[in-house]
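User: I am new to this structure and would like to understand the terms used for it. Could you take me through them with care?

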Amino acid sequence: MKALVYHGPGQKSWEEKPQPTIVSPGDAIIKILKTTICGTDLHIMKGDVPGVIDGRIIGHEGVGIVEEVGTGVSNFKKGDHVVISCITSCGKCSYCKKGMYSHCADGGWILGHLIDGTQAEYVRIPHADNSLYHIPTGADEEALVMLSDILPTGFECGVLNGQVKPGDMVAIVGAGPIGIATLLTAQFYTPAAIIMIDQDVNRLEVAKKFGATHTINSAAANTFEKIMSITDNIGVDVAIEAVGIPETFELCQEIIAPGGRIANIGVHGKSVCLHLESLWSKNITITTRLVDTVTSPMLLKTVQSKKIEPDKLITHHFRLDQIMEAYDTFGNAAKEKALKVILTP
């Protein structure tokens, strides 16, 4: 089969790889129908995720058809259409029983990280019974690609960890796909304001269409002053970091109000400064999280009911064998006006 293979920082290739086979009884082999590229994949390509080794097939999102199942799989059969979770979970270990699938003793975020991933024609999914979701007949499968990662990530790591409540002033730093997914799901809780901060004018315009009450172009304005003018010089109740660089985490610390919550989503490849000299007395909560995907069944129902429409995040389509071009487009999002790309074999 063909697959996108990582060969060290800045190096990748579309090449021939062996088709995966059943290794354990709980495995399923999935024929990929649609996949995508994540901001985390860009971090991998920069060398920010040292666990990814030379020769690894990248990717952790997608929908597909069950091609084969191991003898231990009971919930799925050949021919089923499924959403692939970015998190692999056994459902039995102590972490899984706490709902912390991301720390599963025999799983977690392994797809496209510690084992071969979804940017390929086929992928092996361990613990298939707990790591795949049935796609309802007639569902928009492109929209459901967003359930693999970005919707549960924005919701769990941003909205739930940030404890967004009715009447809150919320700032989301980063209007990329994860930031927009956070914007969509924050509206479940009717905050008073959702302020989107980015340097990409197009993404800020998209954020307005998705429900942002305010947008700030941090390249053209003093973001701190803008936030203070919006919040009567108090700051925001919730600051959600959705980029993964020191400057954006620093901004969250500057704009948070006393008693506020900073929820980090971004994948950080460099150290950041924690300003305890100014935060120690402000009753601030800072949270981190790797998505657990425990909310995916609920989000699937929400997408099915059209309460949220993540398909509107899709800006570009490519054949899977055009993946090198797709990476160029996604990596130059501001120039190409790209949010999510869909790759179809």
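**Reading the terms**

Analyst: At 38% relative accessibility, Glu 205 counts as partly exposed, because that class lies between buried, under 20% relative accessible area, and exposed, over 50%, with a 1.4 Å probe and protein chains only. This is a predicted model, in which local features need pLDDT of at least 70 and side-chain atom pairs count only at pLDDT 80 or more, while totals for chains, interfaces and linings use all residues. Residues are numbered from 1 along each chain as its sequence is written, and side-chain values use heavy atoms, with hydrogens and water left out.

User: What makes the meeting of the side chains of Lys 208 and Glu 205 a salt bridge?

Analyst: A salt bridge needs a side-chain nitrogen of Lys or Arg within 4 Å of a carboxyl oxygen of Asp or Glu, and the N to O distance between Lys 208 and Glu 205 is 3.6 Å. Both residues lie in helix H7 (residues 201–209), three residues apart, about one turn of the helix; helices (H or I, at least four residues) and strands (E, at least two) are DSSP runs, numbered from the N terminus. An α-helix has 3.6 residues a turn, so residues three or four places apart point the same way. Lys 208, with a relative accessible area of 44%, is partly exposed as well.

User: What does the salt bridge of Glu 142 with Lys 34 tie together?

Analyst: The closest N and O atoms of Glu 142 and Lys 34 are 3.7 Å apart, and the pair forms a salt bridge. Glu 142 lies in helix H4 (residues 141–145) and Lys 34 in strand E3 (residues 28–34), so the pair ties together parts that are 108 residues apart in sequence. Glu 142 and Lys 34 are both buried.

User: Why is Lys 340 called buried, and which side chain does its own side chain meet in a polar contact?

Analyst: Lys 340, found in strand E15 (residues 340–344), has 1% relative accessibility and therefore counts as buried. Its side chain makes a polar contact with the side chain of Glu 61 at 3.3 Å, where the rule asks for a pair of N or O atoms within 3.5 Å, one able to donate a hydrogen and the other to accept it within protein, and residues adjacent in sequence count only if both atoms are side-chain atoms.

User: How many salt bridges does the rule give?

Analyst: The count comes to twelve salt bridges, and Glu 156, Arg 289 and Asp 292 are linked in a network of them.
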